[in-house]
Amino acid sequence: MTPMRTALQTISFLGLALTVIAPLLAWAGGISLETNKTLLVAGMVLWFGTALFWIKHDPSANA
Amino acid sequence: MSPSARPQTLVERLDALYEYDREPVHEKKLHGGKTFIAMFAGEHVAGTEFVLGTLLVAHGVSAFDALVGLLVGNVLAVLSWALMCAPIAVRERLTVYWQIRKIAGPYLTIIYSGAFALVLCLLAGAMVSVSTTAIAHPLGIESANYAAGERWPSLPWMGLAAVIGAVIAVLAVLGFERIAHFSKVCAPWMPLIFLAGGVTGLSLLGVRSPGDFWEVAQTRIWTGVPFEGQSKYGFWSCVGLAWLCNISQHMGMGDVTIFRYAKKWYYGFASAFGMFIGHYLAWICSGIMCAAFMESARAAGVASPNPTPGNIAWLGAGWAGLVCVVLAGWTTANPTLYRAGLAFQAATPNWSRWLVTLIAGVVMIATACIPAVNFYLDRVVGNYGLFFMPLGAFIFIDYWVFPRLGLERNFAERHRLRASWPAAVGWFGSVIVCFLLFAKDNYAAFHGLNDLLPAFLARYRPDFFMQVLPEWLLAVTLYTGCSFLQQRRLRPVGPPR
């Protein structure tokens, strides 16, 4: 696995983690609902900005 | 006229279209379990999950009905995939098209393919409608509130749906490999947005600790009281909807086309990833978002809140929620339209792929502009499942039971029949009888049937979504009984297989 791929994957999973953690923090009262929504956008950008480059498509898997 | 120049019949064109899939899948092309887990997890988180979870809240299911009923229904769906669909798929390794053709003959297969293409257009239209509600939201274009009597959307909304539908149709014409890749990228993220929206919804509904959940679930989410003008659903409706929702794919055997690539039959259990993420977690989260939206809107003085996918996702997850709605609708509408175009292509006189796909796209856009489709989406899904399921029942019985009864398998194919009358009687007979038994108590025009029926049938009050079992039993009984008559009349060409 190349360092570039590892870096991309790390950022991707950080994006997913943010998507899970932000609403839980809002529920616990740690952040406001508006901040929660901003963090969800940040998580989305991190995920799509990196996952597109390392998730490969296997056409033969489209059974 | 040379044979190649001879105009092809509808049957020949349909066969040619699926010619590539005529032979069983070769062992080298088989896939491991991970492929099926990814496929199910990705394919069953669609834009329509935002609608179905909302509909359960609107139809007044209780918290127990929703949480336990959906659990039971989804377990039944997974068992149907794992024990009915996948085992036959890995033994025969043929598409559903060829399996139906072998037992029902080409004419019934054409009816199946044509009707399925129309249904795919309807479903793609529902998904375009879902995506449109999300894009309309920030543009300030109101989506039609069907419950409040708005039967048609505004012209700007229709224009927006037409643009979104046109983009989807063009992408389907160009081929959907890139879209399939993008769907794969979306798959891990979308369920988390449902979850985020659900957790935010719980915050808005006043759940401060896990101990508060059940109280809030019973009194403010799944209250057991339907919205004004909606019918009441109960436990069995939840079980039935979760089971019926993909029935054309499991008991109806549509997914033998996918599982023919599986190395082992038990990969059928991979469907659990689709069901429990898409049809359990996502439906529950969209139900929570719907309840939170209705409370917020009423608190803001809105008399008739409109819980569209765009509105509830905006409340639950903001811009990320809106993007999720658009992508969930788009990534599933695209392959759905592509497959509809493929099926329609066979029924047209040598029209090109781009032309039939664009025509299917027009049907899809027209459907997207009918708010009733999403308002009654649970019924639409239920009706099409009940319509196609009997053919899957015949595949199951033909494979497992016919040899034990001394009946020939694949009778239509072996005797070169254009149409199998036992399959026709079993298919249309079971669908019509089950429809009439439901209609006699639910549609005024059919109330008179109760006076004509024997007392035990007049007393029978089927739940719409729980007609699966009676219809399956009736279909296989009619098919098997008629097959006995048919095979006793005709001399077999060889020993039973």
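Reader: Which residues in α4(B) meet F213(B), W214(B), A217(B) and Q218(B) in α10(B)?

Author: Keep in mind that this is a predicted model. On the α10(B) side, the contact uses F213(B), W214(B), A217(B) and Q218(B). Facing them from α4(B) are A63(B), F64(B) and L67(B).

Reader: How do the residues of that contact of α4(B) with α10(B) divide into nonpolar, polar and charged?

Author: Nothing charged takes part in this one.

Reader: What about α1(A) and α2(A), are they parallel or antiparallel?

Author: Here we're looking at residues 3–27 and residues 33–54 of chain A, two helices packed at about 160° with axes 8 Å apart. An angle over 145 degrees counts as roughly antiparallel. That's why α1(A) and α2(A) are called roughly antiparallel.

Reader: Is the crossing of α1(A) and α2(A) left-handed or right-handed, and how many charged residues are in their contact?

Author: The crossing is left-handed. As for the contact, it has 17 nonpolar and 7 polar residues, and the charged count is 1.

Reader: Where α6(B) crosses α7(B), is the arrangement perpendicular or oblique?

Author: Helix α6(B) covers residues 106–139 and α7(B) covers residues 155–174, and their axes come within 9 Å and cross at roughly 125°. The perpendicular range ends at 115 degrees, and antiparallel needs over 145. That makes this pair oblique.

Reader: Which residues of α7(B) make the contact with α6(B)?

Author: α6(B) passes α7(B) in a right-handed crossing. From α6(B) come V128(B), S129(B), S131(B), T132(B), T133(B), I135(B), A136(B) and L139(B). By class, the contact has 9 nonpolar, 5 polar and no charged residues. The α7(B) side consists of W157(B), L160(B), A161(B), I164(B), G165(B) and I168(B).

Reader: How far does α22(B) reach from its first C-alpha to its last?

Author: This helix runs over residues 468–489, so it has 22 residues, and at 1.5 Å a residue the expected reach is 32 Å. The model's helix comes close to that, at 32 Å.

Reader: Which helices do the buried residues of α22(B) pack against?

Author: Several residues of α22(B) are buried, including W472(B), Y479(B) and E471(B). The buried residues pack against these chain B helices: α4, α5, α11, α17, α18 and α19.

Methods:
Residues numbered from 1 in each chain as written. Chains lettered and ligands numbered in written order. Predicted model: local features only at pLDDT ≥ 70, side-chain atom pairs only at ≥ 80, totals over all residues. Heavy atoms only, no water. Axes fitted to C-alpha atoms, helices over the stretch in contact; angles between N-to-C directions. Helix = DSSP H or I, 4+ residues; strand = E, 2+ residues; numbered from the N terminus. Parallel < 35°, antiparallel > 145°, perpendicular 65-115°, else oblique. Left-handed = near helix turned anticlockwise from the far one by under 90°. Nonpolar A, V, L, I, M, F, W, Y, C, P; charged D, E, K, R; others polar. Contact = heavy atoms within 4.5 Å. Buried < 20%, exposed > 50% of the residue type's maximum accessible area, 1.4 Å probe, protein only.
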